[in-house]
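Here is a short briefing to read alongside the model. Take your time and look back at the picture as you go.

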Amino acid sequence: MTVTVSPPVRTESAARAADLWKVYGSGEAQVVALRGVSTEIEAGRFTAIMGPSGSGKSTLMHCLAGLDTATRGEVFIGSTKLTGLNDKGLTKLRREQVGFIFQQFNLLPTLSAKENILLPLAIAGRKPDEGWFDTVISTVGLGDRLGHRPSQLSGGQQQRVACARALVARPGVIFADEPTGNLDSRSGAEVLSFLRRSVREFGQTIVMVTHDPTAASYADRVLFLADGQIVNELTDPTPQTVLDAMQKLDPGHGPAAAAQDQDEERN
Amino acid sequence: MLRATLKSLLGRKLRLALSGLAVVLGVMFVAGSFVLTDTLSRSFENLFDTAYAHTDVVVTPHADREGPPPKPLTVQDKETVESVAGVAHAYPVAQAEGARVIGADGKVVTTVGPPRIGANWIDGQGGAEIREGRAPHADDEIMLNVAEAKLAGVKVGDQVGVLTLQPKKMFKLVGTFGYAGGLDGRGGVLEVRFTDKTAQELMLGQPGYSYFDVQAAPGTSPEAVRDAVKAKLGGAYDVKTGAEMAKAIADQFKSVLDGLNKVLLAFGGVALFVGTFLILNIFSITVAQRTKELALARALGASRKQMIWSVIVEALIVGLAGAIVGLAAGLGVGFVLANVAAGMANLTLAPIALPAGAVIAAFAVGVVITTLAALLPALRAARVAPIAALQEVATPDRPLTRLTIGGAVVTATGSALIAYGLTGGGHLWPMLGGVGLAFIGVSLLSPIIGRPVVALLGRLFSWSVPGRLGRLNSGRNPRRTAITAAALMIGIALITGASTVLHSGDTSLRGAANRQVKADLLITGEGSSNDVLPTFAADKVDKIRQIAGVASVTSSVTTGALVGKQPHGVDIVDDLPAYARQLSLTPRAGTLPQLGPNQVVVDAETADEDHVKVGDTLQVTMDKGEQVAYTVVGVHNKSDFAHGFLFGPSASAHVVAAQPYMAMVTLAPGASEKSVRDQLATLFTDDPEITVSNRAEYLDQQSGQISTLLTMVTVLLGLAIIIAVLGVIITLWLSVLERTREIGLLRAVGLGRGATMRMITVESVVITLFGTLLGLATGVGIGAAIVRSLKGDGITEFAVPWSQLSAYLVAGALVGVIAAVLPSIKAARTDVLRAISYE
């Protein structure tokens, strides 16, 4: 079942994929992770990408974020075309337009929480906006923990540092890869509501990959992937509607799906 | 468990290869020096065997170290020998070292090592064959061996200048000769052959012969002839068979080569010592990185013993493989070096062989050192708790208290041993052990020293984000940073120590020269040869005196002499009062007058050592052999430039070659140095080995020798430095692997490739700068201790060679940049996507 994605309604796109293909290997070992995905990520909205294991959701996000290169098709972030950018161009893009939140919090152990948060700005050689920094810190509730090293913080606190790090640079789009995957449900809920607030209150664009229907329900819009294609889409989801949509998806047992499982293991 | 170890080994080929490389380099050096000295030693044996192949028995005058110099053999001696039954013939040879041929380019032909011999030509003696022309008949005719004729660039018929005991004399080259088998010479020895009379005059300085080459009658064995001749001649002669002679000379060379081997082995030992640090560090890091793997094995039931063995077996395999490869490489290096040496010395090389010593050393060193180095990490592996497998966090940084206390104790013990070794004046082993212990101690202390120093060094680079990240990385694991730096410290410390001692010596010499030497110009022989001291004609001293602008000139003749029962090198000075002024000599007792025929003066130090005082009568035998009584008329102050007994001009009568080797000129006030020097240069045109220099130039020549020595030491320690740099590379490489995820994250948040490389480079430079600083400090400390102990030997000033130290510091930083190249490329190539999902 294929759903044609509707054209953008009200806003310009923060990121866009057009006929995106991702093929690993060649010949008999060939694995197709994405087969002609076209989609737009609307600016100022919280988009979740869902799908069963091996559906290609992580690959899609990696391609959108410029971490992986597509085999065919085009990817845009804002007005920048990623396809064909060299390392320098990609680095510049990451500095200026993209933020990341990873499942493994990925903080530098040698830096304090505050230094970790300001790292992208420091790397880019930009001065932090004091007012915005304070806003972000108070939003994530880390005020008294800024001087601590990551090893002195709990998992939830570390992930909030990672969120603040992504937000403080005010990138065009933040990509979050299973941000609650390593957290207990309470810490996860905190992080998710915090992400939603940053979209609602500050107009931040966030793309989140998850397999957790509850997490997805925090988004404004949910894209469902299966077999490397977008198969469904929900707006203003609730945990129940997401769960229903998921159950309707047939993970499939064809060769493509099995191969994508391998791909998923790679990541 | 063994199978798991092997699998784990093969899974980390690169790491394995790198840690093996340290063993390979060290073993290569050790094995290579064994192969080199063994091959050269056998080559010399072959050489002397052939040299004496045509000689059955050799007769020489007996020389006693405590007796007067031996008198040459006489024609009567020859007749006596030939009268012995079984002797067919005795060739009388007048031969000595020190015949220097002036080549077609006007320069003296020099060699690296082999002597330059002058002798009489005897048809059929010693296996020599005329190649071209004929033998010398007239006293102004010579032959050269083909090797020398080639080097000098002269041909039969040319007029050739030769320096001997006498200044330059011109000869007509009437022929060349070689040896059986088409050889141009033997072992690179350069030979000049004169008539009998000229050889005696120029080479021995007196009539007679230096040895007889005795041919046994057919059917008589050399041993029988030897015994018969010995019985006939008595104890005043040494009689040996050709084979014994060959062996005796070869043994002399062997002891020189043994010395060389020991020196090379010492430097190889330093390299291996540094290699130990490297291996220790690599295994420590590997164990740390494998904590999860090891803990899983523990959780699955592996015992502590098995954990220890898994690391030890890994080390054994690395050591064994390293020893084998190093041995093979050492064979190659030894072969190449032996060829180079043989090429320089014109030596026919014996076939290369693998001496047992090399094999034993290679395996002992490779296997034992690797295993020892892996012991600590192995014990650490055994301490890994099974629960660590389930925990994400690596083991927390352990406190450095025990390490620091241990380091302080070891450093103190080492320093005490050094002090003990130095104050004794000759205790080599405690001193070397002390230096080794001091290195270990300082290494143990380096983590605690490293914290503030690394932080401080890092500040230099903190102005940029990559620099700041690099600084933080170098500070995050003090032990790892410290041990990597400590490995570099050792090489730098030894070079710095040598440099400090040599610089102090140089400074002391210059200081003493500026205080004590009042002469303006020094006329000396260039010390390019060790066989003879270049001299010039005595009548030139008068000619110098006549040059306008020369206020005074003194000249010195030197000779070996027996003073009482002590052998001494003594000087004969033509004008002691002027000499005393030029060298600031003042009498401590008696006077320093113009010395009469039976008068002698001596410096205070020698006087104390030999228990000599003013008024004593000394029996002195100079090299002509007559014993003469001298009265001590003065004892002068201790001087760095006049040491030993000084005789007056009439003593020259007792010296075989009474030619000055040195003259000192004092200029008249207002005289032009240049015009005097120009005239001196004209005067000495025929003496290519004699140079005229002012005080500063003379001192620069001496310093030149010091810097040559320092260069040699630096080159030999280069291997230790290379191994240390290898250590930096490996440590950084492993750190980059360990931090793949972090680097990926940095790349993800916008760190460019160039900045990533700078980050690694800063970390590397901080480590190498720390190691260099530690080495500089330790080296200056060791140097200061040695300088202190040498106070009595003329090194009176302790001088820190600041310019060299700064050069080493810059070199240390550069080494850091170089070491960072590979790891930083590796880091820059980190695939962001893989890195962030890397476990």
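**A tour of chain B**

B:Phe335, B:Val336, B:Val340, B:Met344 and B:Ile352 make a nonpolar surface patch of about 440 Å². Such patches consist of residues with over 30% relative accessible area and no salt bridge, with nonpolar side chains (Val, Leu, Ile, Met, Phe, Trp, Tyr) joined within 5 Å. A salt bridge is a side-chain nitrogen of Lys or Arg within 4 Å of a carboxyl oxygen of Asp or Glu.

This is a predicted model, where local features need pLDDT of at least 70 and side-chain atom pairs count only at pLDDT 80 or more. Residues are numbered from 1 along each chain as its sequence is written, and chains are lettered from A in the order in which they are written.

**Overall build**
- Chain B has 23 helices and 22 strands (DSSP runs of H or I, at least four residues, and of E, at least two, numbered from the N terminus).
- The C-alpha trace of chain B spans about 100 × 75 × 50 Å along its principal axes.
- Of its 839 residues, 53% count as buried, meaning under 20% relative accessible area with a 1.4 Å probe, protein chains only.

- B:Val336, one of the patch residues, is found in helix 9 (residues 304-345).
- B:Thr621 is in strand 18 (residues 617-621), and it counts as buried because its relative accessibility is 4%.
- B:Thr621 and B:Leu183 are 438 residues apart in sequence and 42 Å apart in space, C-alpha to C-alpha.

Notes: Heavy atoms only, no water. Buried < 20%, exposed > 50% of the residue type's maximum accessible area, 1.4 Å probe, protein only. Patch = residues over 30% accessible without salt bridge, like charges linked within 9 Å, V, L, I, M, F, W, Y side chains within 5 Å. Areas by Shrake-Rupley, 256 points an atom, 1.4 Å probe, with all protein chains shown as cover.
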